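Biologist: Hi! Could you walk me through this one while I have it open?

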Amino acid sequence: MFSHYSSISALFIIGGCFAEFQCYNQFPMHSYYIKTFGCQMNVNDSEVLAGYLERAGYASSDSPETADIILINTCSIRELSELKAKSFIGDVKNIKRERPSVKIGVCGCMASKEKSQIFKEFPYVDLILGPRNLDGFDK
């Protein structure tokens, strides 16, 4: 219902008539959604995370409601970014309740600084990843 399916369209000419075929991959394609708050470094880190996920076969989702992995990447230096991120983490609780298989991760310097507080305040978060741990994300 929420998974995407990869498909291939083909246009053939058969006996002088056009015929279009759509082939669907039998396995659902997994997707991710990254929400970035904060500085330009966070934007760069989100691009790195997206690259890891795409190399692993995940497709970008336009909405957290349709994603299999939701990552919130934020900065602890800008207080407004931190507040917005915590509000968004609270908002995705309903997604996790409806689809427990969804993985939720908090990334960035706020994640490093407030790791235990995040797990305490948002027990449905599955992953905390500081900016220095990005290299190991794909493992």
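Biologist: Where does Lys 93 sit?

Modeller: Lys 93 belongs to helix 3, residues 93–98; helices here are DSSP runs of H or I with at least four residues, and strands are E runs of at least two, numbered from the N terminus. This is a predicted model, where local features need pLDDT of at least 70 and side-chain atom pairs 80 or more, while totals for chains, interfaces and linings use all residues. Residues are numbered from 1 along each chain as its sequence is written, and side-chain values use heavy atoms, with hydrogens and water left out.

Biologist: Thanks! Is Lys 93 buried, exposed or partly exposed?

Modeller: Lys 93 counts as partly exposed because its relative accessibility is 39%. Buried means under 20% relative accessible area, exposed over 50%, and partly exposed in between (1.4 Å probe, protein chains only).

Biologist: Switching topic: where is Asn 73, and is it buried or exposed?

Modeller: Asn 73 lies in strand 5, residues 69–73, and it counts as buried at 1% relative accessibility.

Biologist: What does the Asn 73 side chain reach?

Modeller: It reaches the backbone oxygen of Asn 42 at 3.0 Å. A polar contact is a pair of N or O atoms within 3.5 Å; within protein, one must be able to donate a hydrogen and the other to accept it, and residues adjacent in sequence count only if both atoms are side-chain atoms.

Biologist: Why is strand 5 described as largely enclosed?

Modeller: Because five of its five residues are buried. Ile 69, Leu 71 and Asn 73 are buried on one side, and Ile 70 and Ile 72 on the other. In a regular strand, side chains alternate between the two faces of the sheet.

Biologist: Which strands does strand 5 pair with?

Modeller: Strand 5 pairs with strand 3 (residues 31–36) in the parallel sense over five bridges. Strand 6 (residues 103–107) also pairs with strand 5 in the parallel sense, over five bridges. Pairing needs at least two DSSP bridges between the strands.

Biologist: Nice. Which residues stand opposite each other there?

Modeller: Thr 36 stands opposite Asn 73, and Ile 69 stands opposite Lys 103 in strand 6.
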